[in-house]
Amino acid sequence: MMSKLRIFFLCFLLQFLPLFSEDSFFGTSESQFREKIKTIQLENGLTVVMMKRGTSPTVALYIKFLVGAVDETPEEAGTAHLLEHMLFKGTKYVGTSDYQKEEKYQKQIEVWGTELDNLKLQRRDLLTRGEMVPASLESEIETLNRRLKNLIQLQDEFIVKNEDSYIYEQNGEVGFNAYTSQDVTNYQIQLPNNRIEIWAKIESDRLKDPILREYYTERDVVIEERRMRTDDSGAGVLREKFFSLAFESHPYRKPVIGYSTGLPFLKIDETKEFFKKHYTPDRMVISIVGQFDMEETESIIRKYFSDLKPGKPRPNYKVEEKSFPGEKRFKVYHPSGSQMMMGWLKPPYPHKDNSSFDVLSTILTSGTGSRLYKRLVLEEKLVLSIGAANGYPGERYQNYFVFFIKPNEGANIEKIESIIWEEINRIKENGIPKEELDKVKNQMVSDFIKTLDENGTIADLLSYYQLLYGDWSGLFKQYQTIMNASSSEIQSLIPKYLTKENVVIGVLEDVRKK
């Protein structure tokens, strides 16, 4: 529930914001944050951002790693996400009733599971070339399938499923979860502040000694997840096709969840190597936000995380996406409602044009008063919804400014596109009236303030900016740039980026209507 103090502050701010110096406002906000924040870096490179706030004796604890789908080779696609799943499977001490007895089954599962994958790949290659699959190969695959199932059943007697979740539940957890994106992998939880050492013990153990038990079972879970979220989802199919064409060379073209043809063959040894390469303290940020003792917490962090070994330097990615003149258009067919995507390649944060795109996105699609919403939804009644995303599908490298459109049934797609170009060109020719620009900035500041009212959201943002950009205060610097964006700067985006020569347009047609 929003505090009375924050309601008062928000109303006050929105009333008088145009009179303030934006630099002064965000500079003051950053200073107020800085007074409550302590940042430390361990000798192994691990960075910890601690912020003391609120009165509730609870803390949000977020761990982020600078590893996501963008760090995978095409052969590894889906590994970062699968590994996120696997790190909930326990260690030598958590998730098992007796690891000494369990270990022999784990080792055999890894050996025979890998061999089975190799044989299945041989069979697939033969079938792809139109060749006969030898009966001996089919027999060997069948034998190994039975052996693997038997070993999994034997190991299962020693597995204590979800033991980390149970421990946390007994200690008052809220929101124990994780996510993987193109750019980062994140692990999060909220706990009473007298449970920080329990968290440190569990999470450091997870990083020092993970056991990838139930690997093949969990890999099947991810395969099913992909089927539900992508293959059976019109939006998922359109999005995957869009970025596979939009990015011709950069790894942002790969889906986070991986490819349906590659997931069944992700090997456990390669997943282990991926973990060792990327899950290192020098590519890791911990953020802790709430009411807690900073000195005691720092001592706990040093006790449990100082012995993590740093990784080898990771070179900058060599390939940069190059946008060749010439539009890209495609259609996909799927048994779901018609959808459309439209996007342009652009620079990432902290390039100043990135912040101008944030403002443009709000002007065009945020709320019922936005330009494209009024034209397409309210006036022309051509679309059910339209939204925009800046920095998609990731923010570490060049990315896309994208419109997501859901046309009404029977709507003319060409007319929808024509109206979008009309509104873009209207800004190019006439700019944005000061009153409209001030209103949009007020809305963006309001949304920004709302994000700073919850420990978990703050911990997520602090760790994200610290990890990607080397300083959590980039959060405020970004908004300073947004608030300083002028009409002429926003206008300049259009001839520079939003041209018909650089557009990517994808349309999903409902195959049931053909």
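Guide: We begin with the nonpolar cores. The largest nonpolar core has 66 residues, among which Phe403, Ile416 and Ile420 touch the most other members. A nonpolar core is a set of buried Ala, Val, Leu, Ile, Met, Phe, Trp, Tyr and Cys residues joined through side-chain atoms within 4.5 Å. Buried means under 20% relative accessible area, exposed over 50%, and partly exposed in between (1.4 Å probe, protein chains only). The model is predicted: local features need pLDDT of at least 70, side-chain atom pairs count only at pLDDT 80 or more, and totals for chains, interfaces and linings use all residues. Residues are numbered from 1 along each chain as its sequence is written, and side-chain values use heavy atoms, leaving out hydrogens and water.

Visitor: Which residues does isoleucine 420 touch, not counting those up to four places away in sequence?

Guide: Contact means heavy atoms within 4.5 Å. On that basis isoleucine 420 touches Met342, Leu372, Leu376, Ile386, Phe403 and Ile405. A second, separate core has 59 residues, including Leu82, Met284, Ile286 and Ile301.

Visitor: How many aromatic pairs does the structure hold, and how is a pair described?

Guide: An aromatic ring pair is described by the distance of the centres and the angle of the planes. Rings of Phe, Tyr and Trp (its six-membered ring) pair if their centres lie within 6.5 Å; planes under 30 degrees apart count as stacked, over 60 as edge-to-face and the rest as tilted. There are 36 aromatic pairs here. In one of them, tyrosine 252 and tyrosine 397 have ring centres 5.9 Å apart and planes at 65 degrees, so the pair is edge-to-face.

Visitor: Are tyrosine 252 and tyrosine 397 buried or partly exposed?

Guide: Tyrosine 252 is buried, at 1% relative accessible area, whereas tyrosine 397 is partly exposed, at 23% relative accessibility.

Visitor: What lies over the face of tryptophan 112?

Guide: A charge sits over a ring if NZ of Lys or CZ of Arg is within 6 Å of the ring centre and within 35 degrees of the ring normal. Arginine 147 lies over tryptophan 112, at 4.3 Å from the ring centre. For tryptophan 421, the charged end of lysine 500 sits over the ring, 5.4 Å from its centre.
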